[in-house]
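Take a look at the sequence and the 3D structure below. The report that follows walks through some of its parts.

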Amino acid sequence: MTESIYTFSEDFDVSPAVQADFDKNGYIIVRSLLDPEEIKLLKDALESDEGIIRHAFGRDDGEGGKSRMVLWNQPGNDITGVMARCEKVAGTMEKLLGGEVYHYHTKLMMKDARTGGAFVWHQDYGYWYENGCIFPDMATVFIALDPATQENGCLKVLKGSQRLGRIDHVRVGDQVGADMTRVADVQKFLPLVHVELAPGDALFFHSNLLHRSEQNHSDRRRWAFLVAYNRASNNPVMEHHHPRYTPMTKVPNTAIKQCTTATQIAGKDFFDPSTEVSLKKVTDKTRR
């Protein structure tokens, strides 16, 4: 088996080998985490004009492009919420991070054909450090809704870069980007991995893993569903635009196909970019 790449089955678990890969490389890929029926349920809910997509906003990539996204803080009981709380997603994350987690936020990332912008090199903890999260005991699962290839701007990661710890970040366009002088040095030591995924494949990655994606110049969109988690023991020390510790009720994997609510907007607590704490703090530091 290729290092850090696994295929989901009903008996999949975070074995010592899986944990060792995550700790060494900063990520694991789980092929077919969601089956075709589950992906269809999720895409149908997300693509509805009357649902979550109405709350989309754009982010300038500093390279002449812009990507759209929707972000919300509370999972809820609809399809997206059940996905975020099911055992094969949230339960796997708890094992990888070594303890109880809570839902930090969910994102729909929309890198549209020919127009989708890039995301600069960064660590998620480069943002979340500014939110009062003391430890980097945080991680994200990235689930492909469409094929993610090098042609349409798949994620790229620097394997093992989570072991660097947090590096300095600055403002780049509407994003927070890692210090590129440092990244250039890191690239001399760590291998670059293109994370190409089929719909339903998932990347579980640590908050200090350096990653980026290129603009989408292809004729195929690249949408993805991302859920970020924080360890319950890492309750942020300040109020900000994402939740502090909120107990999360996990559900069995069977709840996905049993869910009869495609979209429930009420209570999602959609993100308003004007309230973002981390970008403002990094902007202030960049100006000094």
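## A salt bridge at Lys 188

Lys 188 and Asp 185 form a salt bridge, with their closest N and O atoms 3.4 Å apart. This comes from a predicted model. Lys 188 has 65% relative accessibility, so it counts as exposed. Asp 185 has 35%, so it counts as partly exposed. The cut-off for exposed is over 50%.

In total, the structure holds 20 salt bridges. One of them joins the side chains of Arg 114 and Asp 219, at 3.0 Å from N to O. Arg 114 sits in the loop between strand 5 and strand 6, and Asp 219 in the loop between strand 13 and strand 14, so the pair ties together parts that are 105 residues apart in sequence. Arg 114 counts as exposed, at 54% relative accessibility. Asp 219 also counts as exposed, at 60%.

Another salt bridge joins Arg 221 to Asp 146, with the closest N and O atoms 2.8 Å apart. This pair, too, links distant parts of the chain. Arg 221 is in the loop between strand 13 and strand 14, while Asp 146 is in the loop between strand 7 (138-144) and strand 8, 75 residues apart. How accessible is Asp 146? Its relative accessible area is 6%, so Asp 146 is buried. Arg 221 is partly exposed, at 24% relative accessibility. Both residues belong to a network of salt bridges that links Lys 43, Glu 47, Asp 146 and Arg 221.

How many residues of strand 5 (residues 101-111) are buried? The count is 11 of the 11, so strand 5 is largely enclosed by the rest of the structure.

Strand 5 pairs with strand 4 (residues 66-72) in the antiparallel sense, over 5 bridges. Here Met 69 has Met 109 of strand 5 as its bridge partner. Strand 5 also pairs with strand 14 (residues 222-231), again in the antiparallel sense, over 10 bridges. In that pairing, His 105 has Ala 228 of strand 14 as its bridge partner.

Inside the order, strand 8 (residues 155-158) and strand 13 (residues 211-213) run antiparallel and are joined by 3 bridges. Val 157 stands opposite His 211 of strand 13. In a regular strand, side chains alternate between the two faces of the sheet.

## Helix 1 and its buried face

Helix 1 (residues 16-25) has these buried residues: Val 18, Gln 19, Asp 21, Phe 22 and Asn 25. Seen down the axis of helix 1, they fall within an arc of 160°, so they line one face of the helix. An α-helix has 3.6 residues a turn, so residues three or four places apart point the same way.

What do the buried residues of helix 1 pack against? Their contacts are strand 1 (5-7), strand 2 (27-31), helix 4 (87-97) and strand 12 (202-206). After helix 1 comes Gly 26, with a positive phi near 90°.

Technical notes. Residues are numbered from 1 along each chain as its sequence is written. This is a predicted model: local features need pLDDT of at least 70, side-chain atom pairs count only at pLDDT 80 or more; totals for chains, interfaces and linings use all residues. Side-chain values use heavy atoms; hydrogens and water are left out. Buried means under 20% relative accessible area, exposed over 50%, partly exposed in between (1.4 Å probe, protein chains only). Helices (H or I, at least four residues) and strands (E, at least two) are DSSP runs, numbered from the N terminus. The arc is that of the directions from the helix axis to the C-beta atoms. Contact means heavy atoms within 4.5 Å. Two strands pair if DSSP finds at least two bridges between them. A salt bridge is a side-chain nitrogen of Lys or Arg within 4 Å of a carboxyl oxygen of Asp or Glu.
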